[in-house]
Amino acid sequence: MLKTETADLWWKSAVIYCLDIETFFDSNGDGVGDMTGLAQRIDYLAELGVTCLWLMPFYPTANRDDGYDIIDYYGVDPRLGTHGDLVELVRTAKDRGLRVIVDLVTNHTSNQHPWFKAARSSKDSPYREYYVWRDEPPEDTSDEVVFPDAENSLWTYDEKAGQYYLHNFYSEQPDLNITSPAVQGEIAKIIGFWLELGIDGFRVDAVPYMIETRGVADRWAKEFGDPHVYLKQLKAFMGRRRGDSIMLGEVNVPYETMFEFFGGPDGDELTMMFDFELMQRLYLAFAREDTAPIIETIQRRPQLARHSQFANFIRNHDELTLDKLSDEERQEVFDAFGPEEDMQLFGRGLRRRLPPMVAGDPRRMRMVYSLLFALPGTPVLFYGEEIGMGENLDVEGRLAVRTPMQWTDAKNGGFSSAAPSKLPRPVTQGAFGPDHVNVAAQRQDPDSFLNFMTLLARRYRECPEVGMGNFEILEHDVKEVLVHRSTWDPFGGGRSSSVLVHNLSPRATRIKVRLEGVDEGLEVADLVSGERHTIGRSGQLELPVDGYGYHWLRILYADDSRLV
């Protein structure tokens with residue numbers, strides 16, 4: 001089987017791993033994770049099967065929003081390391097076959113950024129146009145704020161500036177004016193700078209807010225006509241600087257709008273986007289033990305350009321938003337996975353990790369992550385998912401899931417030798433704390449969740465059809481079981497076809513499906529269990545499925561020479 005496309009379009013068969021450097025591993029005992037510590041753990045990530053490392057913001061920050069309030073786009077937070085440490089980290093990652101992407105946060109800056117300080121000092125400052133201002137008191141926007149516990153308006157009056165400034169997030173994060181040619185030039189320089197240091201692309205923060213027209217609509221119309229023109233220009237710039245670099249966008253909008261952010265059928269805007277719609281419907285399906293929400297959602301996905309891709313996830317660094325569900329559907333998910341008010345956030349999402357949601361049931365955890373890797377798209381893991389880490393609900397808000405990585409059962413979970421009071425936030429305790437959940441113990445256990453996740457990553461990489469191929473739902477009579485087939489034959493170099501089976505319920509069952517174009521007598525090999533099954537007449541495949549069971553079935557064509 002030719003592998004050219006999996007190399008050229010590396011993001012379509014990647015395993016992406018997101019982490020915050022400050023909570024991953026502390027190498028010098030000061031209580032804060034650092035780049036040197038992460039470099040020491042690159043071999044662990046490579047062994048896990050990670051192929052792309054996504055670094056959350058490591059720039060100098062006022063630390064009002066866990067690093068997303070940036071003071072210097074070209075700098076490195078001295079708590080975390082230096083530019084030299086970063087270069088060594090990137091070099092080490094690439095030596096082990098990992099690409100590295102970083103957060104691009106250009107919807108807003110910190111109010112401590114030199115640009116904003118200069119902007120508010122005088123209307124004649126050249127930096128004044130870097131931000132969005134208004135003279136008149138704003139209309140009521142309290143129902144639009146992202147953080148209703150902290151803000152009641154999207155506008156804040158600045159005494160020194162004598163005007164109101166726009167902020168879609170915290171008031172300490174004034175929005176940049178993307179219509180400003182100077183701002184556009186700065187963003188291009190930022191991108192160019194990090195590409196020169198060996199970065200492979202960017203996870204782009206809050207893209208819809210970045211190109212919104214509030215307060216600057218007239219200028220948008222005059223300069224661009226359509227805000228998406230700017231995204232096309234930015235993507236083209238990246239292509240000129242580094243042809244295989246990517247933009248992975250945070251775009252929580254309906255599919256019809258997402259398609260626009262991809263650049264439509266041409267795919268000339270964002271390379272990848274997180275599939276928030278599918279994530280939310282997955283949790284609804286898990287709560288109902290019914291595959292219908294998954295099937296309906298995937299079938300609504302738009303047909304993307306060949307080089308565009310969806311990114312799938314079970315957990316990310318924010319709350320698990322359920323904003324695309326109806327009130328009744330959202331309540332179903334709350335009842336199943338976050339019944340206590342403290343487990344929810346703003347009434348719209350969950351601030352939990354999956355293992356505590358399912359009471360640590362290893363069967364259910366394995367089924368869910370098997371499904372994550374089996375779905376069409378690129379899987380994205382949040383650090384600690386591979387060992388089944390839980391959240392710490394004693395930690396405020398979204399930070400409940402951003403606790404220190406649990407390496408051993410020693411002090412601070414092996415994250416740091418410092419006093420617990422010096423850590424960025426406390427280590428998770430209880431049944432999901434490091435006494436019970438840690439890397440060291442699971443590396444020694446062949447049946448551990450870590451080793452299962454490593455196997456999933458390997459099988460996913462060995463089956464390019466899963467992430468890149470044509471997708472079809474296979475019909476049968478058991479609503480709790482999702483069966484789909486992925487097929488890939490891009491250059492006529494030999495077919496790759498797999499059948500993926502997942503039971504969302506605890507009840508064992510049997511399924512019978514028909515595989516079009518598959519001859520009687522051919523075998524399918526289960527890439528997880530090692531079992532084999534034979535295709536019957538007219539392509540019929542019948543097999544048992546355990547409660548919360550799963551199968552990765554490779555169709556063994558005569559010309560398939562790959563290992564199974």
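**Aromatic contacts**

In this predicted model, Arg353 lies over the face of Tyr383, at 5.3 Å from the ring centre. Tyr383 also belongs to an aromatic cluster, together with Tyr17, Phe24, Phe25, Tyr44, Phe382 and Trp407. Arg64 likewise lies over a ring face, that of Tyr170, and here the distance to the ring centre is 4.2 Å.

Let me turn to the ring pairs. A pair of aromatic rings is described by the distance of the centres and the angle of the planes. How many aromatic pairs does the structure hold? There are 36. I shall present two of them.

In the pair of Phe116 and Trp133, the ring centres are 5.9 Å apart and the planes meet at 5°. Planes under 30 degrees apart count as stacked, so this pair is stacked. Phe116 lies in helix H5, residues 114-121, whereas Trp133 lies in strand S4, residues 133-134; the pair therefore ties together parts that are 17 residues apart in sequence. Are these two residues buried or exposed? Both Phe116 and Trp133 are buried.

The pair of Phe169 and Tyr209 is edge-to-face, with 5.1 Å from centre to centre and 70° between the planes. Phe169 is found in the loop between strand S6 (163-166) and helix H6 (181-196), and Tyr209 in helix H7 (residues 207-210), so this pair ties together parts that are 40 residues apart in sequence. Phe169 has a relative accessible area of 13% and is buried. For Tyr209 the value is 29%, and this residue is partly exposed.

Thank you for your attention.

Technical notes
Residues numbered from 1 in each chain as written. Predicted model: local features only at pLDDT ≥ 70, side-chain atom pairs only at ≥ 80, totals over all residues. Heavy atoms only, no water. Phe/Tyr/Trp six-rings, centres within 6.5 Å; stacked < 30°, edge-to-face > 60°. Helix = DSSP H or I, 4+ residues; strand = E, 2+ residues; numbered from the N terminus. Buried < 20%, exposed > 50% of the residue type's maximum accessible area, 1.4 Å probe, protein only. Lys NZ or Arg CZ within 6 Å of the ring centre and 35° of its normal.
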